[in-house]
Amino acid sequence: MNNVKSDFPILDKKIRDKTITYLDSAASTQKPKKVIHSISEFLENSYENVHRGMNSLSIDATDLYEKSRDVAKSFINANSTNEIIFTRGATDSINIIANSLAEHLNKGDKIVVTELEHHSNYLPWMHLCKKLELELKIIPISKEGILSEDEIINNCDDTTKVLSLTHMSNVTGQILDLKKIKQEINKDIYLAVDGCQSIAHLNIDVKDLDCDFYSFSSHKLYGPSGIGIMYGKEDILNQLNPPTLGGGMINEVSSKDFSYAMLPNKFEPGTPSIEAAIGFKAAMEYLNSINYQDYFLKEKQLRSKLISALNDFEEIEIYGSNNNGNATSIVSFNIKNQNFNDIATFLDQYGIMIRGGHHCCQPFMKKLGIPGSCRVSFGIYNDINDIDHFVDSMKKTLKLLQ
Ligand SMILES: Cc1ncc(COP(=O)(O)O)c(C=O)c1O
């Protein structure tokens, strides 16, 4: 048994008398006790709105909220807490980046994305390109669903102003070598990274990656939903104006004008999700306390084991790379003449939670000529027993569906 499984109360629960086998962490991860308790503890003992309050509760709440920023800074090895902006999640972060960069882009400039992107890293850029008459270059995937780093590098030229890439695909688990891409492009292009999946499976060091932006959501990192981070290099964030205005992000307001607050407040209008920030802090501290890198290595091994077991199934099609070197934790597949949603629904009868659908990656699905796929994804609580149960239940499911 995986020794962190007992930290996750939901994994002890039964649905229709079946213990839960959770294989849907790419959609959202389950929460350890420490995260659950940190939120109720905070709401019971320390809740108040943050910033500017002079009373004890507000001072304590602000302190805890800012500590969460500090933990996040260390978690991704940012230079300063000024580079850590709390948002509503990765989708919100990427929209903020796209809309803030709008003022710095001109008709004819090129933005590069890929066919491997989640809609969240696709639509904000497509929309911006339509609005400002920019060129949107979409790097194609192969017919197997694999993205080539060289294609990305070769398509970045002097007109390219933004390159926005997923670090790890939520469909295939493919990991892009961002350092190689950044070094070989060697041009003055904003590199925005969608780190929504990679944050939960790789050790992230934004300084080492040398990216300009890095976006992720707490709920994929064992923390609560409703909060995420937009990392940006401090000198760049200082040059940008936030797209959303309101309380808490100003220095001064008159009847004629206003001035922005300093970073990071400039990008955080309105009351934030305070209790989510507290839970997010607990999630990152929890991961630090269990040496999460060791678990990340195990997840990679689980992916290889699952792929070799699935390859024994007749008429199976596995998408993306079978090579574990540049992929981890996620496997998407279809069985010929079977519907992915039927398979997911039948597996549920055995207590197995997987996902069937397009995984918010319709350009990927269209390229491969499929409406969707089954997706199995691992988290730190999965072990070989989960794969055995999954494979056994798949065999029973396919017999029933015959
Ligand atoms: C690669 C990737 N990017 C972006 C997102 C959007 O994340 P959120 O819904 O938390 O904003 C997801 C969520 O599935 C994702 O997998």
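This note sets out numbered points on the predicted model shown above.

1. Basis of the model. Residue numbers start from 1 in each chain and follow the sequence as written. The model is predicted: local features require pLDDT of at least 70, side-chain atom pairs are counted only at pLDDT 80 or more, and totals for chains, interfaces and linings use all residues.

2. Overall form. The protein contains 13 helices and 17 strands; these are DSSP runs, with helices being H or I of at least four residues and strands E of at least two, numbered from the N terminus. For 402 residues, a compact globule would have a radius of gyration near 21 Å, and the 22 Å of the protein agrees with this. That radius is taken over C-alpha atoms, and the globule rule is 2.2 Å times the number of residues to the power 0.38. Along the principal axes, the C-alpha atoms fill a box of roughly 70 × 55 × 35 Å.

3. Domain 1 comprises 5–23 + 291–401 and domain 2 comprises 35–289, with bounds that come from an automatic or database domain assignment. Their C-alpha centres are 28 Å apart. In the interface, 23 residues of domain 1 are in contact with 23 residues of domain 2, contact meaning that the C-beta atoms, placed from the backbone, lie within 7 Å. On the domain 1 side, α10 (292–310), β14 (330–335) and α12 (362–368) each supply at least two residues, and α10 gives the largest share, five residues. The residues on this side divide into eleven nonpolar, eight polar and four charged. Here Ala, Val, Leu, Ile, Met, Phe, Trp, Tyr, Cys and Pro count as nonpolar, Asp, Glu, Lys and Arg as charged, and the others, Gly among them, as polar.

4. Burial and core. Of the 402 residues, 46% count as buried; a residue is buried if 20 or more other C-beta atoms lie within 10 Å of its own, exposed if 12 or fewer, and partly exposed in between, with C-beta atoms placed from the backbone. The largest nonpolar core has 106 residues, and V193, Y231 and A283 have the most contacts inside it. Such a core is a set of buried Ala, Val, Leu, Ile, Met, Phe, Trp, Tyr and Cys residues joined through C-beta atoms within 7 Å. Helix α9 (residues 274–289) provides its largest share, ten residues, and both domain 1 and domain 2 contribute at least three residues each. Beyond its neighbours within four places in sequence, A283 is in contact with V35, S218, L221, Y222 and G223.

5. Ligand shell. There are 14 residues around the ligand, of which G89, T91, N170, C196 and S217 come nearest; a residue is included if its C-beta atom, placed from the backbone, lies within 6 Å of the molecule. The shell divides into three nonpolar, ten polar and one charged.

6. Backbone points to inspect. Most residues other than glycine have a negative phi, and most peptide bonds are trans. A cis peptide bond, with omega about 0°, joins L263 and P264; P264 is in the loop between β12 (258–260) and α9. E133 has a positive phi near 55° and lies in the loop between α4 (123–132) and β6 (135–139). E133 is exposed because 11 other C-beta atoms lie within 10 Å. N337 also has a positive phi, about 65°, and is in the loop between β14 and α11 (340–348). With 8 other C-beta atoms within 10 Å, N337 is exposed.

Methods. Contact = placed C-beta atoms within 7 Å.
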